Amino acid sequence: MFTIFKMKKIYYVIACSLLMMSCDILNKPLASSHQIAPKNKLTRSAIDLVSLSEDRIKVRVQPAPIYKEVATFYIPETVPGTYSDDDYGKFIDSVAAYGTFGKKLKVTKTSDNTWDIKNASNLDYIDYYVNDTYDVEAEHTIFSPAGTNFKENEQFMLNLHGILGYFKDQEEMPYYVDINRPETMEATTSLPRFADSLYVAQDFGNTGITDTYKGNRYFDIVDNPIMYNVPNKEVFTIDDITIELSVYSPTGTVKASSLRPNIERMMKAQKNYLGDFNATDHYTILLYFTTGEADDAQDLGALEHHTSTVVVLPEAMPQENLDAAMVDVVSHEFFHIVTPLNLHATQIHKFKYNDPEMSMHLWMYEGITEYFAQHFQVQQGLVTPEDFYNTLVQKISNAKGYDDAMSFTKMSTNILEEPYASNYGNVYEKGALIGMCLDILMRKNSDGERGVLDLMKELTYQYGPHRPFEDSNLIPQITQLTYPEAVSYTHLTLPTKRIV
Ligand SMILES: [Zn+2]
């Protein structure tokens, strides 16, 4: 994740929409002639982007059979990379459950993000509506690049964790998504397409065209946002990576083709910087330009995923500033392929969307990533050494605005709560400086042979995307792989003594 700043929220939007919803939808199934599809050990879902109702989209989720009296349906409370407790369930309404032969089952909302369904062994599917987050940003804390936008026939930002949920004990099962879309719009996503429609075309809003996707587990649904818009896209390759850049510009003035040269140059430089680090063969950039008005996205920045990123920037930005912002923001997100995506703790690997536990190593996930995002620019000649030093001086100065005595590891573990949450921004300031210090010490002790990028590569080879580390093992491991000075440094800067 990378935040530039939050746009000033001028207007206060009255929180009344949920109360004003008409009640009749509560009592109607979304489709009249549901045929019971064969159920396997998978979740099926359908999203209708063609017929919106009061700016909401309708959704259906069909779980694998549940052999229990009560089924629990969850919408995430938080998702990886946001380090914030946001309750995406608050945007879900009119949850209705149906059993065999369309019989209605009792649904009880038990928290902002959970629903219980009685008589679950008879459960066939649930229907509900989803409200989007961009037009009511004054009412919630969801970071715009993790939020949703539904603009009929124009643009849909589908961060699927805000739309699709999961049933208890079924997070690891395959998850199919059918999306009924208008003919004029196309999708950009890293989520794999599946050839045959499984669900929508049968009986769920089949007025448009159906795109079908498959996640191997619910995590893939969270990790692969989809943007639908009128095509404004560039596809290009850098070495062995295919990059897709899709742009939504509300006035239509910003073209993907005008942004491509700058992004191509930057990502080529990143590839050079990473050298033999082999992470992905495709990468998707979903770029949303906001008007900045009260009814549009307010947070500028981006959120990382394994093979994609969602970026939000203001459309009014002059081209030169836009190019510079794209370099800072997109390069940061792309470097996340190193960490946390290929090097992370158990808490991230087995992410608990509704009972989150945070890892203690934000200094690495965000700090080293941000250090790379600045250092590669000078190393690859995109900026002058003076520019680079100025950026670091700025970070030293910005870091002073946070609690300097606060342990970074303790802050990280407790980042969802105060007083730690309000010090989060320091991961991009002091966190990056920690990365720089480690780099300097490693270079000094190896006569310039090894730096922090080498350390990160060695750690990703040892662990990788499918093998998380235990939080408490990381610093001893770094100690082993580095030099005595770096060791004493890590003990000083990561005050393990204070957190024991
Ligand atoms: Zn980040």
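How do β3 and strand β9 (residues 123–131) pair, and over how many bridges? In this predicted model, the two strands run in the antiparallel sense and share six bridges. One spot to look at along this pairing is R56, which sits opposite N131 in β9.

Strand β3 has another partner as well. Strand β2 (residues 43–53) pairs with β3, again in the antiparallel sense and over six bridges. Here S45 has V61 of β3 as its bridge partner. The hairpin made by β2 and β3 leaves two residues between the strands, and E54 takes a positive phi near 50 degrees there.

As for β3 itself (residues 56–62), the strand is mostly covered, with seven of its seven residues buried.

Nonpolar side chains tend to be buried together in soluble globular proteins. The largest nonpolar core in this model holds 121 residues, and V59, I126, Y288, V311 and V330 are the ones that touch the most other members. Helix α7 (residues 362–379) gives the most to this core, supplying nine residues. Because domain 1 (24–228) and domain 2 (338–500) both give residues to the core, it lies between them.

I126 is worth a click in the viewer. Leaving aside residues up to four places away in sequence, I126 touches V61, F73, V95, A96, A97 and I117. One of these contacts, V61, is also the bridge partner of S45.

How values were computed: Residues are numbered from 1 along each chain as its sequence is written. This is a predicted model: local features need pLDDT of at least 70, side-chain atom pairs count only at pLDDT 80 or more; totals for chains, interfaces and linings use all residues. A nonpolar core is a set of buried Ala, Val, Leu, Ile, Met, Phe, Trp, Tyr and Cys residues joined through C-beta atoms within 7 Å. A residue is buried if 20 or more other C-beta atoms lie within 10 Å of its own, exposed if 12 or fewer, and partly exposed in between; C-beta atoms are placed from the backbone. Helices (H or I, at least four residues) and strands (E, at least two) are DSSP runs, numbered from the N terminus. Domain bounds come from an automatic or database domain assignment. Two residues are in contact if their C-beta atoms, placed from the backbone, lie within 7 Å. Two strands pair if DSSP finds at least two bridges between them.
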